[in-house]
Each structure stands twice: as C-alpha cells, then as structure tokens.
Amino acid sequence: MSSVQPPSGHSLAKWFFLIDDVRVPAPRQQISEAIVRAQASVPADRVIIRDQNSPSDQAIGDHAPVDLAQGNVFYTVERCDAPPAAPCNLPPKLAFSVDDKVEEVLTGTQTGQSLFDLFALPAGRTLFRDYESPNDHAVSLTESVQFAEGPVFYTRGATVDEVEITIDRTPHKVKAGNYSVADLKRIGGVPATLQLDQIVNGVITPLPETATVCVEGGEVFISHPRDACSS
C-alpha cells in the first residue's frame with residue numbers, strides 16, 4: 001500500500017470512512033482494522049466488512065491493514081454471520097464527503113461539476129479539497145477529481161475580495177480570477193446547451209466552450225440559443 005503524494009505545497013489529504021452509515025474521520029489513508037474498530041466503537045463480537053455492493057463482500061481480518069483508497073465504506077455483522085476474509089474482485093463502494101455530508105459512488109473518477117451535481121451544491125460556492133494544511137486546493141468545475149487523492153471536500157462562499165459581473169442582466173459576486181465558460185454558466189444558472197457571449201466595449205463576442213475568461217470585475221455576459229453555425 002502507498003499513500004498518494006499531495007500537490008506541491010500541500011500536506012496529505014484528509015480521509016474518513018463510513019461504517020454502518022456513520023461518518024468517522026480517519027487519521028490517514030492507511031490505517032488498520034483495529035483503528036476502524038476503535039474509532040467506530042465496534043464491539044468485539046462483530047466483524048468489519050468492506051462494502052463492495054456484492055454478496056461476496058470482503059471481511060476485514062482482525063488487525064489487518066486497511067487502505068481507505070481501496071474503499072472506505074464498511075458495515076458490521078455478527079461473527080457467526082461473517083464471510084471469509086478473502087479478496088473480492090468487484091469494485092468497492094466509495095464515499096465522498098462535502099461539507100460533512102456523504103454520498104456513495106462506484107466510480108473514483110469525478111469532476112468538480114459532478115461533485116456539485118452529486119451533492120446539489122448551490123451556485124456561487126467554491127469547492128476545495130481538504131488537506132492537513134492551510135493551503136487547500138480549489139477545484140474548478142472541469143477539473144478531474146480522483147478519489148484516491150482524497151475524498152474530503154468543503155465549500156466556501158462570498159469573500160471580501162469579490163467583484164461583480166453581470167450574466168443575462170443579473171449581477172453576481174465572484175472572486176477575481178480565471179473562469180471557464182462552464183464556471184460562468186453555473187454561476188449564472190445558464191443551461192449548458194446555450195451559447196454564452198461576452199460584451200466587450202459594446203461588441204458581442206461569442207465565447208467558445210473551451211474559453212477561459214479573466215474576470216476583474218464589470219464583465220457582462222449574455223446567453224442565447226445556438227444558431228445552426230454554432231459549435
């Protein structure tokens with residue numbers, strides 16, 4: 001087992017496990033059955049099972065090593081009902097956490113947008129991956145998010161360094177910086193199927209879906225249905 005190395009300037013990512021539907025913080029990615037048992041107050045007459053959404057779920061042996069990157073969802077059963085401590089080749093359930101809420105998935109590859117959708121996060125929030133560090137990482141909507149790099153996230157809203165932009169005649173407060181077209185559509189509640197344009201010095205400038213806009217404050221955007229020549 002090996003821990004995923006964090007980006008430069010970050011400490012290791014925070015981890016947790018879900019056991020019998022209870023969220024329990026973990027001290028690190030690689031722990032042991034004994035730590036799971038102690039932190040979740042699992043009695044000695046019950047066995048810890050890694051949930052792989054299968055009749056062949058894997059029992060965790062007493063004091064066995066546990067790599068949470070290989071699945072952090074568990075449940076317990078009476079010892080007399082426990083399956084053998086044998087490996088299961090099916091994909092395990094994975095639990096992501098945002099603002100201490102938990103959602104289970106079967107795929108470890110997400111995006112900022114898919115996490116926004118999964119947790120029904122409100123527009124205007126910024127998603128951060130939570131590290132054991134003051135330098136947490138802001139996640140854009142289009143960024144790939146890998147479970148093995150850490151499943152704990154939180155959101156933050158408005159701050160004093162915000163500027164105002166206008167999308168479809170509605171003002172929005174955002175932090176100055178670079179925004180993808182997908183980010184701007186999310187902020188403005190613009191359907192993904194619509195074309196987004198920027199008005200620059202009175203001139204309507206169509207924005208490609210792959211464009212990035214440097215927002216400094218005062219920018220104006222409008223959306224409209226795509227015409228037959230739009231791509």
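H172 sits in strand β16 (residues 170-175); strands here are DSSP runs of E of at least two residues, helices are runs of H or I of at least four, and both are numbered from the N terminus. The model is a predicted one, in which local features need pLDDT of at least 70, side-chain atom pairs count only at pLDDT 80 or more, and totals for chains, interfaces and linings use all residues. Residues are numbered from 1 along each chain as its sequence is written, and side-chain values use heavy atoms, with hydrogens and water left out.

With a relative accessible area of 16%, H172 is buried; buried means under 20% relative accessible area, exposed means over 50%, and partly exposed lies in between, using a 1.4 Å probe and protein chains only. Once neighbours within four places in sequence are set aside, H172 is in contact with V163, E164, I165, I167, I187 and G188, where contact means heavy atoms within 4.5 Å. A polar atom of the H172 side chain also lies 3.5 Å from the backbone oxygen of T170.

For context, most residues other than glycine have a negative phi. D168 is partly exposed, with a relative accessible area of 31%.

One of the residues in contact with H172, I187, is among the buried residues of helix α3, together with V181, D183, L184, K185 and R186. Helix α3 spans residues 181-188, and six of its eight residues are buried, so the helix is largely enclosed by the rest of the structure. After α3 comes G189, whose phi is positive, near 65°.

Helix α3 and strand β16 also take part in the largest pocket: along with β11 (126-129), β12 (137-139) and β17 (177-180), each supplies at least two residues of its lining. A pocket is found on a 1 Å grid over the protein atoms alone, as an open set of points where a 1.4 Å probe fits, with protein on both sides within 12 Å along at least five of seven lines; lining residues have an atom within 4 Å of a point. The volume of the largest pocket is about 460 Å³, a volume being the space filled by probe spheres set on the points, which are joined across faces, edges and corners. Of the 27 lining residues, R125, T126, K175, Y179 and R186 lie nearest the centre. Strand β17 gives the largest share of the lining, four residues. By type, the lining divides into 11 nonpolar, nine polar and seven charged residues; Ala, Val, Leu, Ile, Met, Phe, Trp, Tyr, Cys and Pro count as nonpolar, Asp, Glu, Lys and Arg as charged, and the others, Gly among them, as polar.

Strand β12 holds another histidine, H137. At 23% relative accessibility, H137 counts as partly exposed. Its side chain makes a polar contact with the side chain of E143 at 2.7 Å; such a contact is a pair of N or O atoms within 3.5 Å, and within protein one must be able to donate a hydrogen and the other to accept it, while residues adjacent in sequence count only if both atoms are side-chain atoms. H137 and F153 are 16 residues apart along the chain, and their C-alpha atoms are separated by 9.3 Å.

Turning to the strand pairings, two strands pair if DSSP finds at least two bridges between them. Strand β21 (residues 220-224) has a covered face, F221 and S223, and an uncovered one, V220, I222 and H224. Strand β15 (residues 162-167) runs parallel to β21 and is joined to it by two bridges, with T166 partnered by V220. Strand β18 (residues 195-200) runs antiparallel to β21, joined by five bridges, and here I199 has V220 as its partner.

Elsewhere, five strands form an open sheet of mixed pairing in the order β2-β1-β7-β4-β5. Its edge strands, β2 and β5 (58-59), each pair on one side only. Strands β1 (residues 15-19) and β2 (residues 22-26) pair in the antiparallel sense over five bridges, with I19 partnered by V22. These two strands form a hairpin with two residues between them, and D20 in the turn has a positive phi of about 50°. The loop between β4 and β5 contains N53, which has a positive phi of about 55° although it is not a glycine.
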